[in-house]
Amino acid sequence: MTPIEKEKTLAKSYEFDNVEEKWLQRWTDDGSFQAKMEEGKPSFSIVIPPPNVTGVLHVGHALNNTMQDVLVRYHRMCGDNTLWLPGTDHAGIATQNVVERQLATEGKGRHDLGREAFIERVWEWRKEKGGTIINQLKRMGASCDWERERFTMDEGLSTAVREAFVKLYREGLIYKGDYIVNWCPRCLTALADDEVEHEDRKGKLYHIRYPFADGSGDVVVATTRPETMLGDTAVAVHPDDERYGHLAAVGIRLPLTDRTIPVVFDHHVQKDFGTGALKVTPAHDRDDYEIGIRHSLEVMKVMDDHGVMNDKAGAYAGLDRFACRKKIVADLKEQGFLVEIEDYDHAVGQCYRCSTVVEPTTSLQWFVSVRPLADKAIAAVRDERINIYPKTWYNTFYSWMDNIRDWCISRQIWWGHRIPAWTCKDCGELMVESVDPDTCSKCGSANLEQETDVLDTWFSSALWPFSTMGWPENTKELETFYPTSVLITSFDILFFWVARMMMFGIHFMDGAVPFKDVYLHALVRDKHGKKMSKSTGNVIDPLEVMAQYGTDAMRFTLTAFAAQGREIKLDEERIEGYRYFINKLWNAARFALMHVEECDASITDVVSNHKELPLIHQWILSRTAKTTADVRRALDEYHFNDAASVLYQFVWHEFCDWYLEWIKADLFSKDVTKRDQARGVLLHVLETILKLIHPITPFVTEEIWSVLPGDRALLVTSEYPLVQPWRNEKVEGQMELLMGVITGIRNIRSEADVHPSTKIDAFVLCVDGEKADLIRSFATAISDITRLASLNVTAEGDKPSDAATYIYQDIEMYVPLKGLVDVDKEREKLSREQLKVEKSLKQINGKLGNEKFLANAPAEVVEKEKEKQAELEAKLAKIEDAEKRLAEIG
């Protein structure tokens, strides 16, 4: 690779806009993200969870893709053959809805265009708008191999879909049949169980009297959907329920109709629940459908696909289902059949796309028989061929997979993979083929009609890990990168997508799992733990965040919050806080460049004799080694937040606050050896920091890297730091002791409000001779850092008069404050502050002690008051400590 064209130096402040644009272009031009397939190297691969082609970047995408990019950049720098394969999903229902809404503004519907013209219109929309989210992911710095971008309806994936469908059909794992499905009357299509979202609603439970056919009595049944009673074809009771045994020969007269329906005896009924009688509507309820199958009941559909009552509904035909409900209830009441209406909270199923209430109904659909596939996936997880992180998801996975139902894969829309099945209109033969047939395989007729339904979007997505690498062909990509290393996705599509990829991957790839690890991250909520929504106004838009704080600040924040199994409560103030961290790194680099920019890069060779270096350099090298080990372990184990936390602590507190402060004197020293040692270690540690943190904050690190001494290739493809043998716990212990002494003296100065420029005297009482000698040997450094006039270290002696005290381990520090502090004035100031804090605390304690306030105030308001209470209590404790110190002075 060509060396980076060097800037002269770093700008005074980090202007992220220009920097981000520059490096995005440079990485692209240099081919930095292209996957390599070199023999003998380990491979690391991820396939991106393909966002919908209709999508716009939201904070969930930002989290998910930041985590993926951190791992991809890390493994690329580790020298692995690394592939992050991008792409988008055609999103059948969602995309069709977008284009239909577009047509509606022109006063047209899809049927006005016809199928072929409508599909062309969708492709036009995709060409014009479909790249939006891809460009936004690029803006985030996602280091995908963009030359390999795939689309679930591109030519290669379409071939894979057909091959998979035909193979499953010929193996008897795809079938067509009547079955109870979830039906969306708005989208006019069947939905899989996991495409139905359930929302708790306040509804009504209607208790209806069903007379015995012989007039000898009646039984009361209850329902939340009285309009479905028109499709009742039985009443079910438990076989052991003696109350209803005589009804086998009698039957039930169905109210509002002239029909008599049988009583069936089924163990599904709970005889101790309600009256022990259940109305059975096989065409409009899943459990009732199963009862109907067991007892050969008539399946009577009383609604059409639009949710409108049909001819079977008699006098109610033509009414919308909810209008029919009102009319039925009124008629039941008028005719004396309505016993009671009860308030009833229950979960209502809604279409995941348009939120229309779903109607269970029978329909002729295509299904995948998933039990044999699910058993293989379960075995792969149990055998630890697939690992799930966090481990709390295992039980949920097993429970769902053990109770899985056959998967309805047909959708009654136009946009999607059209099912490759043809029916001969002359002889009725059904053909399922990979290639469009010209004639009937049975009678030779050319009068063929293709199935009009398309496949569920998740069918093509389930093939994603291997279809994107060229399956059904045997490709170099599959040989190198399959199985993929890890899948990172949100927990809410564990069954929509993850489980199905497991099933299809193992089945089609000869038992090879699609990924070795699955990392399920939580949803991103607001700072109070509430779901983000436009209606509540609490949405954090990542595009706005990047524009305001910079992409690196957002990426670091999301990484820092990504703890396994923990809900992510995102606060914009934290993003702003991490922007300060980015600025801190920038300023530290500017300071370092002042001293190393004219040096040869070989100056870092001083670290090879690390044991001969002064204590401060040995310490920072030891901490660098520890940090490197901790970060590598955290990333290898998917503890993203730990990696961010370790780097934050090391960069801000150890490197900036301590090391840079300590070596200033050496950097300006006339002693060439001292100066070069400081410069060499400083440059080496800065280089290591930039490499360690680059996967999280790629832009700022690449910019700083580009101005460091020497000819340099891009940071993005440089080698990730290995753990060097620099760890020295004895050195770290010695430095901790010295830092403890410095911190103690600083705290006394700060608490006593002594001006930073004022020279003070300090006394250290240390009975441990070895520790005392160490402190004495660094008296000059301690005095320079804490601005001391004198430092006296003794093993015994009395406390100086009028002195403030600080104790660290077994060491006592004293700073005489007489003449430096006006004790009476300070006492008066503390007294005023104490009264103010106590008054505020009394008000808050009153609020939090008020049960009415606690019961009625929003949770976030109560939480805020508790935070204020804790802050005030801590402030009061500090005031009391300050008063004690003043008492010591006199």
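In strand E20, Val432 is the bridge partner of Ala421, and that pairing is a handy way into this predicted model.

- Strand E19, residues 421-424, pairs with E20 in the antiparallel sense over 3 bridges.

**A parallel sheet**

- Another open sheet of 3 strands has the order E16-E24-E23, and here the pairing is parallel.
- Strand E16 (387-389) and strand E23 (484-490) each have a single partner strand, so one side of each edge strand has no neighbour in the sheet.
- The twist in this sheet averages 20° from one strand to the next.
- E16 pairs with strand E24, residues 515-521, in the parallel sense over 3 bridges.
- If you want a residue pair to look for, Tyr389 has Tyr519 in E24 as its bridge partner.

**Strands that pair with E30**

- Strand E27 (residues 760-766) runs antiparallel to strand E30 (residues 811-816), and 4 bridges join them.
- Cys766 has Ile811 of E30 as its bridge partner.
- E30 also pairs with strand E29 (residues 803-808), in the antiparallel sense over 6 bridges.
- In E30, Tyr814 is the residue opposite Thr805.
- E29 and E30 form a hairpin with 2 residues between them, and Gln809 in that turn has a positive phi of about 55°.
- As background for reading any of these strands, side chains in a regular strand alternate between the two faces of the sheet.

**Two crossing helices**

- The axes of helix H19 (residues 615-636) and helix H23 (residues 729-751) come within 9 Å and cross at roughly 115°.
- Angles of 65 to 115 degrees count as roughly perpendicular, and H19 and H23 are therefore described as roughly perpendicular to each other.
- The crossing of H19 and H23 is left-handed.
- On the H19 side, the contact is made by Leu615, Ile616, Gln618, Trp619, Ser622 and Arg623.
- H23 contributes Val731, Glu732, Gln734, Met735, Leu738 and Met739 to the contact.
- Sorted by class, the contact of H19 with H23 has 7 nonpolar, 3 polar and 2 charged residues.

**A mostly covered helix**

- Helix H25 (residues 779-786) is mostly covered, with 6 of its 8 residues buried.
- The buried residues of H25 are Ala779, Ala781, Ile782, Ser783, Ile785 and Thr786.
- These buried residues pack against helix H20 (640-667), H23, helix H24 (769-777) and strand E28 (788-794).
- Arg787 follows H25 and has a positive phi, near 55°.

**A buried histidine**

- His207 is found in strand E7, which covers residues 196-211.
- The relative accessible area of His207 is 15%, and buried means under 20%, so His207 counts as buried.
- Leaving aside residues up to four places away in sequence, His207 touches Val220, Val221, Ala222, Phe337, Leu338, Val339, Glu340 and Glu342.

**Backbone spots worth a look**

- Trp471 and Pro472 are joined by a cis peptide bond, with omega about 20°.
- Pro472 is found in the loop between helix H13 (464-467) and helix H14 (476-481).
- A cis peptide bond also runs from Tyr482 to Pro483, with omega near 0°, and Pro483 lies in the loop between H14 and E23.
- Leu256 has a positive phi of about 70° although it is not a glycine, and its place is the loop between strand E10 (252-253) and strand E11 (260-261).
- Asp510, not a glycine either, has a positive phi of about 55° and lies in the loop between helix H15 (494-508) and E24.
- With a relative accessibility of 77%, Asp510 counts as exposed.

Terms used:
Residues numbered from 1 in each chain as written. Predicted model: local features only at pLDDT ≥ 70, side-chain atom pairs only at ≥ 80, totals over all residues. Heavy atoms only, no water. Pairing = 2+ DSSP bridges. Axes fitted to C-alpha atoms, helices over the stretch in contact; angles between N-to-C directions. Parallel < 35°, antiparallel > 145°, perpendicular 65-115°, else oblique. Left-handed = near helix turned anticlockwise from the far one by under 90°. Contact = heavy atoms within 4.5 Å. Nonpolar A, V, L, I, M, F, W, Y, C, P; charged D, E, K, R; others polar. Buried < 20%, exposed > 50% of the residue type's maximum accessible area, 1.4 Å probe, protein only.
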